[in-house]
Amino acid sequence: MPRKALIAANWKMYKTPAEAKAFVDAFLPLVASHTRDEIALFPSPVLLPTVVAACKSTNVAVGAQNIHFAEEGAYTGETSIGQLKAVGGTHTLIGHSERRQYFAETDEIVNKKLHTALKHGVVPIVCIGEVLEEREAGKTAGVLKTQVTGAFAGITPEAAVPIVIAYEPVWAIGTGKTATPEIAADAHRIIRAEVAKLLGAPVAAAMRILYGGSVKPDNAAALLNQEEIDGALVGGASLKPDSFTAIVKY
Ligand code: PGA
């Protein structure tokens, strides 16, 4: 079975509700007939009700950039999985490198969040990737294996089916430096082999691995035409309807 690609927009901490609504109103007609790939938008939590309402009954899914692992509690500033579901979110990013870098998320926290998302039927996109010093020191494979093993602790093959992985080399995020299609595909092969070791070959063969890090309209096709690359997680170039559409329709 070929893997259906997922093209995801990570809006990070950008857009007001009015700007988010304007994006969706312009974007939906541009992709209305697009069935080849799945499409998902990941806005800030305060934008979720607006974006979910605007995307209702369309081919565009909406998710959170982060959730807490606890179902509820005294966690000031956090969003629970129940809150995400109650406003109609169906997906969540987990362990984005900016969460790891600025909010001290560890593989252990990523693992807890992954268990929470799967328990509640929310599609998790687990983000992993090496920093520049790790790549330059030849440690990329080891880092990716550690991140996959840590994230997937205690996850059974049956439970793992909805999981999506996003490989995002940290040195390529927001820098304009994209991994070459070959570098990305190599990393994806390492990740898939590790998933196969942990969860078995069938689960690994079906799992989607997205690439993220300076994906733009002019490099999307070369990346996404790699057999190992099953979609993209797009930051900067997802903020404008035209550029994100060009990536979706690579
Ligand atoms: P970028 O961000 O496309 O702006 O590099 C990707 C991401 O952080 O998910």
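**Reading the features one by one**

A: At 67% relative accessibility, Ser33 counts as exposed (over 50% is exposed, under 20% buried, and anything in between partly exposed, using a 1.4 Å probe and protein chains only). This is a predicted model, so local features need pLDDT of at least 70 and side-chain atom pairs pLDDT 80 or more, while totals for chains, interfaces and linings use all residues. Residues are numbered from 1 along each chain as its sequence is written, and side-chain values use heavy atoms, with hydrogens and water left out.

Q: Where is Ser33 found, and how far is it from Asn59 in space?

A: Ser33 sits in the loop between α1 and β2 (38-42); helices (H or I, at least four residues) and strands (E, at least two) are DSSP runs, numbered from the N terminus. Ser33 and Asn59 are 26 residues apart along the sequence, and their C-alpha atoms are 8.6 Å apart in space.

Q: Is Lys12 buried or exposed, and what does it touch?

A: Lys12 has a relative accessible area of 18%, so it counts as buried. You'll find Lys12 in the loop between β1 (6-10) and α1 (17-31). Leaving out residues up to four places away in sequence, Lys12 touches Phe42, Ser44, Gln65, His96, Glu98, Ile173 and Gly235 (contact means heavy atoms within 4.5 Å).

Q: Which residue in that loop has a positive phi although it is not a glycine?

A: Lys15, in the loop between β1 and α1, has a phi of about 85°. Lys15 is partly exposed, at 22% relative accessibility. Ser214 is another non-glycine with a positive phi, of about 55°, and lies in the loop between β7 (208-212) and α11. Ser214 is buried, at 8% relative accessibility.

Q: How do I read a pair of packed helices?

A: Two packed helices are described by the angle between their axes and the distance between the axes. Here, α7 (residues 140-151) and α9 (residues 181-199) pack at about 40°, with axes 10 Å apart. Axes are lines fitted to C-alpha atoms, for helices over the stretch in contact, and angles run from 0 to 180 degrees between N-to-C directions. That makes α7 and α9 oblique to each other (under 35 degrees is roughly parallel, over 145 roughly antiparallel, 65 to 115 roughly perpendicular, and the rest oblique).

Q: Which residues meet where α7 and α9 pack?

A: From α7 come Ala141, Leu144, Lys145, Val148 and Thr149, and from α9 come Ala187, Ile190, Ile191, Glu194, Val195 and Leu198.

Q: What about a nonpolar core: how many residues does the largest one have?

A: A nonpolar core is a set of buried Ala, Val, Leu, Ile, Met, Phe, Trp, Tyr and Cys residues joined through side-chain atoms within 4.5 Å. The largest one has 64 residues, and Leu41, Phe152, Ile163 and Phe244 have the most contacts inside it. Helix α1 gives the most to this core, with 6 residues. Apart from that core lies another of 12 residues, among them Leu6, Leu93, Val164 and Leu233.

Q: Why is helix α12 described as largely enclosed?

A: Because 6 of the 8 residues of α12 (residues 241-248) are buried. They are Pro241, Ser243, Phe244, Thr245, Ile247 and Val248. Their cover includes β1, α1, β2, α11 (220-224) and β8 (231-234). Among the contacts of Leu41 is Phe244.
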